[in-house]
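Take a look at the structure below. We will walk through some of its salt bridges, then turn to one helix.

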Amino acid sequence: MLQNIRDNSQGWIAKTIIGVIVALMALTGFDAIFQATTHKNEAAKVNGEEISQNELSQAVDMQRRQLMQQLGKDFDASLLDEKMLRESALKGLIDRKLLLQGAEQAKFAFSEAALDQVILQTPEFQVDGKFSSERFDQVIRQLGYSRMQFRQMLAQEMLIGQLRAGVAGSGFVTDAEVLAFARLEKQTRDFATLNVKADPAAVKLTDDEVKAYYDEHAKEFMTPDQVIIDYVELKKSSFFDQVAVKDEDLQAAYQKEIANLSEQRRAAHILIEVNDKTTEAQAKAKIDEVQARLAKGEKFEALAKEFSQDPGSANNGGDLGYAGPGVYDPAFEKALYSLSKDQVSEPIRTDFGYHLIKLLGVEAPEVPTLASLKDKLTRELKAAQVEQRFVEATKQLEDSAFEASDLAQPAADLKLTVHTSKPFGREGGEGVAANRAVVTAAFSTEVIDEGANSTAIELDPETVIVLRSKEHLKPAQLPLESVNTAIRTQLTKEHASAAAKTKAEKLIADLRDGKAPLDKAVDGQNWKATEAATRGQEGVDPAVLQALFRMPKPAAKDKPTFTSVTLPDGSLMIVRLNGVNEAAAPTDEEKVQYRRFLASREGQQDFAAYRKQLESQADIKRF
């Protein structure tokens, strides 16, 4: 248990701020929230602030892509309920908006300098341990961000992290709570068990009992509601052989690719902040003092360690590593790119305070040849053309299907084949019927009752289908003969378990009343005794352990308490609690672990309550 407590206590409170950001970027799926929208396209409003349909659609798409990436070949599109996915994504966007508003009201803030450090020190943006501008651009492009959008998202996530730490980090527990938890956690119990087996062979069923069960549960014995569908399938891959890349387009793509490459500069700085404790004049005087000492020959690195108020770089002599344009504050960047190697700037004022900036080194970008990029750029250009063709063909298929009374004409228009599925029910089936959106459409009123063609259904980003109902197989009563065996198996198990329970209850009563000896074998089975069992005791059924630690303490050594647990096979396990062993007082180290665990749990509950309070007090409108 102590190890579990150690593991659980190392939650977000103990994690680095970078870890919080990476986890949020990877798991929440609420990126791309900065696209231009209009008030006519609202998904929700939170205290007057809009969440657009565009944001919601992007959040849903991101969640879907992340599931596909995380599960890989195990991804089953049929498990995705689009309505539930949208509801989940919208709830997440609303929660995020509430937390950002809460952070703003609580006056939390995160400086641009600290944001720079997070970006520079994030491993995902580094190559060989150093920040790489190319790697940074590559990663954020894959996430769908521009640099400005990414910085804005990152700043917001940091604010939410600060808010979480501020609320949850304030959780605490008293000494009495720690001792009470330790007493319960370290307590052990002496017990014995006896298995009263269910005996299916002793059960004799009559045909009348089977018939009565069949009649009473008639609704359980029906054929499933099933459909057979016709469908046409449009695949993006079919367009790749229909497109070609022109030389001039390839050359333009190459020029655009290498235009993104930029010179990398390795900067070091000394920062004197302007804040609530340090005025503008005081900060300027301090940076002038540092500059004067530099002029007298003192080392930049030593002065950075002594004076710089940037915790991320001070201990490294102010070294910020290599970075390209767009990473730093504009004033900082302008000064950096005006320096020669080993030159130190004049004091530079930014939003964070005053800086002295030193240029440590310059790396020119490595420009790849067109030949080395030709295959990659060709694939990308063809993919763009294919995407456009696929979108146009999907629209054509949907329009044609809407106007047609069957699938023959839409199939002919796009040179597709009409396929027919096997029968499947509302739980889905094989092939396309494994997709939840297909099942939903097949059983929709428009398709199953009105005989219309469906709208275009996306099976995955590469495949779209349109379907129509070919045959509706309505539920019908199954004959008794076809379910006779299943009914007999169920009734036999129930009767055998009931008999075992009656026998166990009689035995427990006799044991309590002293009519049966405590350690006598029953039906050739001896009691199985266990001493000093813990709450996580190995080799004991979890259901038995749970029942054991809920049992009242025996009144005396010769007055054990009893209970019974029904096992999956219908047998009964009699549990005899012989004694409760109180543990020694926890050590100081154990107290620390217990306190950390309980405080973390308390903090998480506090944060959950805080989020609930924000929601209850908010004006939330869903459209």
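Glu301 and Lys358 form a salt bridge, with their closest N and O atoms 3.7 Å apart. A salt bridge here is a side-chain nitrogen of Lys or Arg within 4 Å of a carboxyl oxygen of Asp or Glu. Glu301 lies in helix α12 and Lys358 in strand β10, so the pair ties together parts that are 57 residues apart in sequence. Helices (H or I, at least four residues) and strands (E, at least two) are DSSP runs, numbered from the N terminus. Glu301 is partly exposed, at 35% relative accessible area. Lys358 counts as buried, at 14%. Buried means under 20% relative accessible area, exposed over 50%, and partly exposed in between (1.4 Å probe, protein chains only).

This is a predicted model: local features need pLDDT of at least 70, side-chain atom pairs count only at pLDDT 80 or more, and totals for chains, interfaces and linings use all residues. Residues are numbered from 1 along each chain as its sequence is written, and side-chain values use heavy atoms, leaving out hydrogens and water. pLDDT is the predictor's confidence in each residue, from 0 to 100. Its mean over the protein is 87, and 91% of residues reach 70 or more. Over residues 1-39, however, the pLDDT is below 50.

How many salt bridges does the structure hold? There are 29. One of them joins the side chains of Glu157 and Arg96 (2.3 Å, N to O). Glu157 lies in helix α7 (residues 147-168) and Arg96 in helix α4 (residues 82-105), so this pair ties together parts that are 61 residues apart in sequence. Glu157 is buried, at 4% relative accessibility. Arg96 is buried too, at 7%.

Helix α7 also holds Arg151, while Asp116 lies in helix α5 (residues 112-121). The side chains of Asp116 and Arg151 meet in a salt bridge (2.9 Å, N to O). Both residues are buried.

Now turn to helix α11, residues 280-295. Which of its sides is buried? Ala283, Ile287, Val290 and Leu294 are buried. They cover an arc of only 55° around the axis, which puts them on the same side of α11. The arc is that of the directions from the helix axis to the C-beta atoms. On the other side, Ala281 and Ala295 are exposed. The cover over the buried residues of α11 includes β7 (264-273), α12 (300-307) and β10 (353-363). After α11 comes Gly297, with a positive phi near 105°.

Terms used
Contact means heavy atoms within 4.5 Å. The expected span of a helix is 1.5 Å times one less than its number of residues.
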